[in-house]
Amino acid sequence: MQTVYVRGADLFRQVLNELRADDLTRPVPSCPGWTVSDVVTHVHDNHVVALGPERSDVDDVMAAYALAIPDAPDLAASAAFDTVDLTLHAWDIALACGVELRLGDDQLAFLEAFAAEAGDRLYVEEDGFVRLEGERADPSGLDRQGLALLPFGRRL
């Protein structure tokens with residue numbers, strides 16, 4: 001799980017490294033009501049909460065999280081969801097900035113497996129994903145990436 005998480009964190013960092021200051025106020029179409037800044041803050045805050053006060057007083061919470069996974073059952077248990085969060089939000093930010101972000105085969109396989117295992121549980125929790133409906137839910141014409149993002153309420 002640590003390797004998969006690190007890949008998600010690297011993708012998120014890659015997208016962050018391309019941001020300009022004026023990008024932070026861009027609306028994120030796949031996260032209605034949020035700006036790029038809101039998404040970045042959400043990811044950071046989730047990591048701080050997961051790490052707890054004793055492990056989060058660091059410059060890079062994603063690096064601290066990755067290093068702690070092997071020795072922290074609480075992080076190992078949540079790492080799959082946090083990897084999904086990093087991957088999807090990297091895509092969300094790229095979308096908001098008008099950049100096409102292509103996910104790797106390993107990332108697509110991870111999203112596909114996560115969605116298949118979770119099934120309808122993706123949508124039941126308060127912070128669950130939005131189930132697309134109507135034409136937006138139609139998988140016709142989508143490539144593998146489009147199909148992998150669809151269960152998470154993402155579509156171009």
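Predicted model: local features only at pLDDT ≥ 70, side-chain atom pairs only at ≥ 80, totals over all residues.
Local features were taken at pLDDT of at least 70 and side-chain atom pairs at pLDDT 80 or more, whereas totals for chains, interfaces and linings use all residues. Residues are numbered from 1 along each chain as its sequence is written, and side-chain values use heavy atoms, without hydrogens or water.

The chain contains 7 helices and 0 strands, with helices (H or I, at least four residues) and strands (E, at least two) taken as DSSP runs numbered from the N terminus. For 156 residues, a compact globule would have a radius of gyration near 15 Å, and the 15 Å of the chain agrees with this; the radius is taken over C-alpha atoms, and the globule rule is 2.2 Å times the number of residues to the power 0.38. The C-alpha trace spans about 45 × 40 × 30 Å along its principal axes.

Buried residues (under 20% relative accessible area, 1.4 Å probe, protein chains only) account for 41% of the 156 residues. The largest nonpolar core comprises 43 residues, of which Tyr5, Val84, Leu101, Leu111 and Phe152 touch the most other members. Such a core is a set of buried Ala, Val, Leu, Ile, Met, Phe, Trp, Tyr and Cys residues joined through side-chain atoms within 4.5 Å. Two or more residues each are given to this core by α1 (2-17), α2 (36-51), α3 (61-68), α4 (73-96), α5 (105-118) and α7 (144-149); the largest share, 10 residues, comes from α4.

Leu101 is in contact with Leu11, Gln14, Val15, Ala90, Trp91, Ala94 and Gln145, residues up to four places away in sequence not being counted; contact means heavy atoms within 4.5 Å.

Terms used: Buried < 20%, exposed > 50% of the residue type's maximum accessible area, 1.4 Å probe, protein only.
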